[in-house]
Amino acid sequence: MNINEKQDQIIEDFSAFEEWFDKYSYLIELGNSLDILPEEKKTEENIIRGCQSRVWLDAEQKTDGNVIFKGDSDAVIVKGILSLLISVMSDQPAADIAGADLYFIERIGLKEHLSPTRSNGLLAMVKQMKIYGLAYSQKNN
């Protein structure tokens, strides 16, 4: 699935919940299902600046040109948000990541239900993923 197909699936998944309490519970569940980031990847180099909680993001480009993201956070809601972003952006072509319009964030109402500090953290996570996408796409040219 491409980025937009994955976003559409998330929008559909979140539409099953009417209350934000249930959506937060689902986010926590998603965070708990995130693959474990090895301790050696939890470095200063992989910390995302701009997040109130600690968030680590690692990226690696495969031989087919797609970028694989792995991450972790010490905050359960943030870890769930990171899980959503990774599910949309991971295993996609670098150029697609760099140019992605992440419309699902607005459509599921995530941005309006986050505190200002978590919103800033969300933007920092998206920005870092796009920077990786841009860097890897430039490397390929």
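Predicted model: local features only at pLDDT ≥ 70, side-chain atom pairs only at ≥ 80, totals over all residues.
Residues are numbered from 1 along each chain as its sequence is written. Local features need pLDDT of at least 70, side-chain atom pairs count only at pLDDT 80 or more, totals for chains, interfaces and linings use all residues, and side-chain values use heavy atoms, with hydrogens and water left out.

Start by selecting residues 20-32, helix α2 (helices are DSSP runs of H or I with at least four residues, strands runs of E with at least two, numbered from the N terminus). From first C-alpha to last, the 13 residues of α2 reach 18 Å, close to the 18 Å expected at 1.5 Å a residue (1.5 Å times one less than the number of residues).

Next, color Trp-20, Lys-23, Tyr-26, Leu-27, Leu-30 and Gly-31, which are buried (under 20% relative accessible area; exposed is over 50%, partly exposed in between, with a 1.4 Å probe and protein chains only). On the other side of α2, Phe-21, Glu-29 and Asn-32 are exposed. Show α1 (3-15) and α3 (76-89) as well: what covers the buried residues of α2 includes both.

Move to Asp-91, in the loop between α3 and β3 (92-93). Asp-91 is not a glycine, yet its phi is positive, about 65°. Its relative accessibility is 34%, so Asp-91 counts as partly exposed.

Finally, select Met-1, Lys-6, Gln-9, Ile-10, Asp-13, Phe-14, Tyr-26, Leu-30, Ser-83, Leu-84, Ser-87 and Val-88, which line the largest pocket. Two or more lining residues come from each of α1, α2 and α3, and α1 gives the largest share, five residues.

Terms used: Contact = heavy atoms within 4.5 Å. 1 Å grid on protein atoms, 1.4 Å probe; cavity = no way out; pocket = protein on both sides within 12 Å on 5 of 7 lines; lining within 4 Å.
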